[in-house]
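I put down what I looked up, in the order in which I looked.

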Amino acid sequence: MRLRAPGLALLLTLGLTIPALAHEGGGVVGGFASGFTHPLLGWDHLVAMVAVGLWGAFLGVPAVWILPMVFPMVMAFGGALGVLEVPLPAVETGIAASAAVLGAMVALAVRPPLWVAAAIVGTFAIFHGHAHGTELPQAANALAYSLGFVIATGLLHLTGIGFGLLVRWPAGAVAVRLGGAAIALAGVALLAGLV
Amino acid sequence: MSARSVAVILLVVVTAPRLALAHGSIQGMGSFYGGMLHPFLVPAHVLVLLALGLFLGQQAIVDLPVGFPAFMGGLATGLLVAAFGIVSLPSLAVLALAAILGVVVATAAALPPALCAALTIGAGLAVGIDSPPDALTVGGRAAALIGTGLSAILGVFYAATLVERLRRGWQRILVRIFGSWICASAFLVLALALAGKA
């Protein structure tokens, strides 16, 4: 075996290399961060989540807490379908439609029975969950990723609830319905592929 | 094999090793403190312990035999099993318990005492068995296990007593929402594992 200085230098260089961790993208922290930002960075998820909270606040107690509680649990079911690669047709269309429909519910002041509202929200949650679920296997840490996106989803609901609580004042009710209309328009734009 | 070949192989062997980061490395941390941090560094353990704290507080059974004492008994047994390496536990069992406890908290279901005890003991057992110590010496292993047990007990106790004192309607609802989040996260990862992708 003959190895000269350049070969030795190359071997030494290769042996001394270490991973570049400039952004600490792996592990629990990276998994949580990527899961947390997933619903925040996609307009389709973001407006629909806010709409769930907004509609809940508009419908009042107990919808204000039942809808945001139903959503993550049914979303987990949709996520499981995504993980198990159970095909679900028109996932992206379903997500965009969720913003359009939920926004329209607020804008038009629709007040269905609680179980109907929960069923509508739950149906759309399956589409959102499916989209998250298909991305879960690529996560650095699956549990941290799922915790991140569930918490971010809950905080988006809370944002909608916070704005929706304005409904107790006449001017606030108008603002909430306008907010619903804006979300519905965003959903239509997503459906039309304009965003 | 020539001396040069041996030198080259030695050079590669010496420069190739990397740090073993199974649980993250914190310089200067002893076995006891490493054990204390363990339940808070493993996401599945954090989830099940938090869910158990919410559950005990919500059911108002912290000071009953089926509550906190049952958890301590289960945890102590589990840690002993881990100490002697009698059996290992699939980490999915911890997540499954977190998902079940999350559903119970989210629905605020009133469970019979026997079921409460079974869930509480099960959570303690699962966390204990799933916390085998890394230390090489007997003393180090014992210190790590004591640390793990102590921090798990304190974590559940604080969460449970805090939740038990929450009386306002919105506070009780917040507890249920946290339960739904725990259930959703655990359920998704369970599905991932069942699909063989975890």
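At what angle do helix H3 (residues 43–59) of chain B and helix H8 (residues 169–194) of chain B pack, and how far apart are their axes? I read an angle of about 145° and axes 10 Å apart. Axes here are lines fitted to C-alpha atoms, for helices over the stretch in contact, and angles run from 0 to 180 degrees between N-to-C directions. Helices (H or I, at least four residues) and strands (E, at least two) are DSSP runs, numbered from the N terminus.

**Ground rules.** I note that this is a predicted model, in which local features need pLDDT of at least 70 and side-chain atom pairs count only at pLDDT 80 or more, while totals for chains, interfaces and linings use all residues. Residues are numbered from 1 along each chain as its sequence is written, and chains are lettered from A and ligands numbered from 1 in the order in which they are written.

**Confidence.** The predictor gives the complex an ipTM of 0.75 and a pTM of 0.79. For chain B I found a mean pLDDT (the predictor's confidence in each residue, from 0 to 100) of 84, with 85% of residues at 70 or more. Within chain B, helix H1 (residues 3–15) has the lowest confidence, at a mean of 64, and helix H6 (residues 113–129) the highest, at 93. Where pLDDT is low, the predicted coordinates should not be read in detail.

**Chain totals.** Chain A has 8 helices and 0 strands, and chain B likewise comes to 8 helices and 0 strands. I count a residue as buried if 20 or more other C-beta atoms lie within 10 Å of its own, exposed if 12 or fewer, and partly exposed in between, with C-beta atoms placed from the backbone. On that basis 50% of the 195 residues of chain A are buried, and 44% of the 198 residues in chain B. I call two residues in contact if their C-beta atoms, placed from the backbone, lie within 7 Å. Among contacts between residues at least 6 apart in sequence, 87% in chain A join residues at least 24 apart; the figure for chain B is 86%.

**Back to the H3–H8 pair of chain B.** From H3(B), B:Leu47, B:Leu50, B:Ala51, B:Leu54 and B:Gln58 meet residues of H8(B), including B:Phe178, B:Gly179 and B:Ile182. I then followed B:Ala51, leaving out residues up to four places away in sequence, and found that it touches B:Ala98, B:Leu101, B:Gly102, B:Val105, B:Gly179 and B:Ile182.

**Core.** B:Ala51 is also among the residues with the most contacts inside the largest nonpolar core, along with A:Ala51, B:Val48, B:Ala98 and B:Leu101. A nonpolar core is a set of buried Ala, Val, Leu, Ile, Met, Phe, Trp, Tyr and Cys residues joined through C-beta atoms within 7 Å. This one has 121 residues. Its largest share, 14 residues, comes from helix H4 (residues 63–83) of chain A.

**Helix H5 of chain A.** Is H5(A) enclosed or open? I count 14 of its 17 residues as buried, so H5(A) is largely enclosed by the rest of the structure. The C-alpha atoms of A:Ile95 and A:Phe127 are 5.9 Å apart, although 32 residues separate the two along the chain.

Most residues other than glycine have a negative phi, and most peptide bonds are trans. I logged A:Glu85, with phi near 60°, and A:Ala90, with phi near 50°. A:Glu85 counts as exposed with 11 C-beta neighbours inside 10 Å, and A:Ala90 is exposed with 10. The peptide bond from A:Val61 to A:Pro62 is cis, with omega near 5°, and A:Pro62 sits in the loop between H3 and H4.
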